[in-house]
Amino acid sequence: MQTVPKRLAMKLNLARAPQLQPADIVPIFQRWIQQRTVPGLLIDVIDYKHVPDGPGVVLVADEADYAWDLGAGQAGLRYIRKRALPDDLSAALRLCWAGALAAAQALEAEAPGDIVFDYQLVEISYLDRLQYPNDRQVAATALAALATSLQEIFGTKLQLQRLHDDPRYLLAFHCVAGRSLADSLPSPARAD
Amino acid sequence: MTTWKERLKDEIPLEMAKLIDTYEAQMSLRQQGKMDEKVFAEARLRKGVYGQRYDNGQRHDGVRTQALAYPSEDIVKGPDTLWDAPGMQRIKIPYGGLSARQLDVLSELADEYADGILHITTRQDIQLHYVHIDDTPDLMRRLAAVGITTQEACGNSVRNITACSLAGVCHDEAFDVSPYADAMTQFLLAHDDVQDFGRKFKVAFSGCAGQACGLVKMHDLGLLAQSREVAGELQRGFTVFVGGGLGTVPHQAKALADFVTPEQLLPLTQAIARVFARLGEKKNRNRARLKFLVAKLGIDEFRSLVEAELAALPHDPRHTAYLDNVRDFVYEPAKAGLQLNGAPLPEGFDEWYRSNVYRQVQAGYSVVTLHTPLGDFTAQQGFQLADIARKYVGDNIRLTVEQNIVLRWVADADLPALCRDLRKIGLGDAHAGSIVDITTCPGTDTCKLGIASSRGLTAELRTRLIERINLLPDAVRELKIKVSGCFNSCGQHHVADIGFFGNSRRSGNHKLPHFQVVLGGQWQQNAGNYGLAVGAVPAKTVPAVLAALTERYVAERAEDQNFQSWVKQLGRKEIKAMLKPFMQLPTFEDNPAFFSDWGDSRVYTIEDIGVGECAGEVVSLFSMEISKAESTHFEALLALDDGDFRRADERAYRAMVLAARALVRTKYLDVGDDNDRIVNEFRERFYDTELVYDRFAKGKFARYLFKRHAGQPSLLDEDYAHQIIDETQLFIENIHSAEQRINGVIVA
């Protein structure tokens with residue numbers, strides 16, 4: 001069985017550039033805290049939009065952060081699971097997917113027709129350089145295990161591609177499906 | 001599964017590894033409720049592990065205060081500070097000097113343990129925010145493996161030692177202060193004489209009197225490089241300033257000595273530290289900085305005390321051993337220095353060159369400043385910048401007190417290519433050091449003491465100023481703006497042309513975020529003059545206030561008149577009159593936008609202000625020292641659990657020695673760290689005098705120490721390990737009781 005990384009992140013990119021600006025996300029995330037819109041112990045909102053290609057606007061929570069992420073010049077929703085990951089990789093991925101999906105759909109509801117995510121591509125990062133250094137051998141093993149788990153979760157085979165071969169960068173994969181994964185189980189309600 | 005501790009065991013210097021192990025053991029003790037929360041808080045702060053806003057488990061969401069129910073809500077890491085609440089990790093970067101490899105590791109830590117952002121502070125530190133305390137020991141180990149420490153980055157000790165980022169390449173300096181800053185960092189780190197301060201102690205070096213970079217006049221201890229001719233030879237030395245500081249009540253430092261030679265530098269510093277430790281305020285944290293002691297005693301009396309302390313200082317070979325390193329301190333440029341050679345220049349190069357490039361004293365080389373907005377850059381930029389550094393300058397990277405990065409030893413011929421490469425990673429903007437390059441503290445974003453959003457205001461001003469930068473007259477472009485979220489001056493608002501610090505005012509039943517306007521501070525001359533507060537304006541009017549001030553300055557200034565002079569000429573009364581229209585407070589109903597802070601959609605409140613940790617916890621020297629004994633005892637227990645009886649014995653013995661040392665140091669500070677000496681002093685002062693005697697057991701517990709000190713037993717089995725660990729526990733308890741019983745006698 002593949003060891004679960006200490007932290008795991010999933011990013012869903014926007015399908016197209018929205019009218020909405022990063023600054024508009026701050027009040028949305030603030031309201032999510034008031035109304036507890038997404039799962040988790042929601043703590044605060046940080047605004048990093050002044051930093052190019054950075055984490056953008058982050059809704060910090062205890063278990064997982066939700067970011068209107070601008071990394072790699074591509075806006076999207078990044079869900080970073082920091083704590084309480086299950087021991088099983090498939091279960092951990094399910095949990096992250098549920099969290100990412102819940103936030104993405106909540107954002108779409110904030111600006112219908114303007115915010116639209118591409119649910120055929122998921123970027124998955126392993127935030128654990130101790131167990132998952134970004135080298136070729138570890139990447140190959142991780143990719144095989146990840147492919148199996150994702151197929152089990154989504155019921156379809158995804159094409160996986162390692163994002164960087166620079167060992168300093170996080171081990172990360174682009175996972176591309178032949179169809180939208182938005183209606184795949186689990187439902188957002190199971191995020192926690 | 002392997003751990004970072006195992007993975008890096010051969011890469012971390014032994015002393016650093018021990019300090020981190022001790023801290024990790026203290027964490028375990030605190031989690032088990034076996035270590036006092038205040039003592040742990042100070043121990044944690046001295047590792048740079050700082051609290052953040054909302055770590056008391058409450059946050060106002062704009063409508064009501066919500067409880068933040070963290071998983072381990074019954075465990076605290078300090079008074080009113082919940083264990084699971086995210087915190088800040090401050091990382092010391094002495095004189096801002098970084099290698100490319102260190103930058104890589106810092107960046108790795110930022111995206112693994114924090115929020116992907118590295119923040120540069122006004123003390124040339126790096127801060128990572130939203131870090132869980134459980135991750136801090138591994139984070140420290142990974143730093144230690146590349147020669148970086150967090151030791152004493154916060155707490156009541158010597159903070160990161162700063163120095164001009166141009167040191168060694170500057171046209172104005174007497175000599176390069178870098179190796180001296182480095183030596184002082186090494187000497188004072190975890191030094192016995194800096195463990196018993198009532199507050200923090202800040203040290204800075206400057207290479208010249210005229211420029212700003214070193215800011216020695218606003219430091220507890222400022223060292224200004226001087227050279228003089230003695231018998232036909234140029235001799236290096238320092239003018240020593242003491243008792244400067246910003247904070248609520250800013251003080252200009254006073255000259256303690258006109259010329260101190262490099263041989264005298266470290267002993268003099270040690271003597272100053274001893275006087276501060278002995279006579280500095282310990283109870284009232286608001287009066288505990290060195291500046292208050294110097295003001296209370298007067299500089300002459302303070303000087304006499306330091307001289308007396310200096311005369312009594314024990315010999316330490318380290319006082320002068322560093323001088324060999326000074327002679328060997330050289331820079332290794334990545335490339336030969338070559339002039340600009342007519343290669344095509346990127347668009348906007350001239351403007352970037354004017355504001356961001358400084359020609360070094362060494363022909364063919366320049367320093368390039370990278371402007372990081374609000375002091376932030378991403379982990380990704382960190383990796384990319386490390387690559388750029390390797391390509392152009394090697395390890396010649398420094399952080400600046402203006403929250404920027406400089407690349408030194410850039411061959412002039414590489415400037416166009418470097419400019420292009422920096423732009424590709426978003427670090428090639430022009431206007432470094434100009435009015436758009438605003439210094440700011442974290443403010444209400446993450447600081448528990450923040451009253452108004454200094455970062456929100458800075459981001460707003462920066463956006464507006466960048467749009468108009470090409471329309472601004474040079475006199476305005478060159479102004480310095482610095483912003484603090486409260487009166488504590490972390491954004492250094494006192495030494496800016498235009499400074500702001502956060503406060504609040506009431507209108508009806510609501511509060512409004514405000515900023516006090518501070519004008520006429522002097523950045524040059526090593527922070528030569530502090531500005532004056534002229535009035536508080538609503539946060540939302542600050543951009544208009546800035547426009548009004550700068551427009552009037554441009555319209556009325558005499559040719560070549562600087563801002564400070566103009567402010568002085570205008571006078572406080574006239575400035576106040578100018579600000580008055582901006583001070584009008586709307587009602588909430590009329591203008592609700594005024595009742596939210598910049599970058600924050602919540603209705604403003606001051607309910608989230610907590611108790612800051614800048615001051616550290618006032619904990620006795622004995623408490624700090626005995627806690628080290630307790631954590632070492634805990635390490636012995638862990639070794640026993642692992643079946644490593646030899647290590648269990650070694651740790652238990654060490655714990656007993658540390659406990660004895662804790663008691664001895666209450667009476668004899670200079671006992672040092674030699675086991676024989678500690679045990680002898682303990683025996684003479686506390687055992688032979690029966691001061692340590694238990695009412696019933698008499699000297700039995702002390703004899704556990706003497707027995708083990710006499711020699712290790714031949715058989716190190718589990719039974720023995722159990723026994724010595726139990727004895728150690730009893731001995732530590734005995735020391736606690738003895739200290740409580742006789743403390744008054746000792747202190748008197």
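Two strands count as paired if DSSP finds at least two bridges between them, and strands themselves are DSSP runs (E, at least two residues), as helices are (H or I, at least four), numbered from the N terminus. Everything here comes from a predicted model, where local features need pLDDT of at least 70, side-chain atom pairs count only at pLDDT 80 or more, and totals for chains, interfaces and linings use all residues. Residues are numbered from 1 along each chain as its sequence is written, with chains lettered from A and ligands numbered from 1 in the order in which they are written.

**View 1. The S15-S16 pair of chain B.** Here Arg359(B) sits across from Ser366(B) in S16(B). Strand S16 (residues 365-370) and S15(B) run antiparallel, joined by three bridges.

**View 2. The open sheet around that pair.** Five strands of chain B line up as S7-S18-S19-S16-S15, with antiparallel pairing. Strand S7 (97-98) and strand S15 (357-359) of chain B are at the edges with a single partner strand each, so one side of each has no neighbour in the sheet.

**View 3. Where chain A meets chain B.** On chain A, 28 residues are in contact (C-beta atoms, placed from the backbone, within 7 Å) with 33 residues of chain B. Helix H1 (22-35), strand S2 (42-48) and strand S3 (56-61) of chain A each give two or more residues to this side.

**View 4. Inside chain B.** Chain B has 25 helices and 24 strands. Its C-alpha atoms fill a box of roughly 85 × 70 × 60 Å, taken along the principal axes.

Conventions: Two residues are in contact if their C-beta atoms, placed from the backbone, lie within 7 Å.
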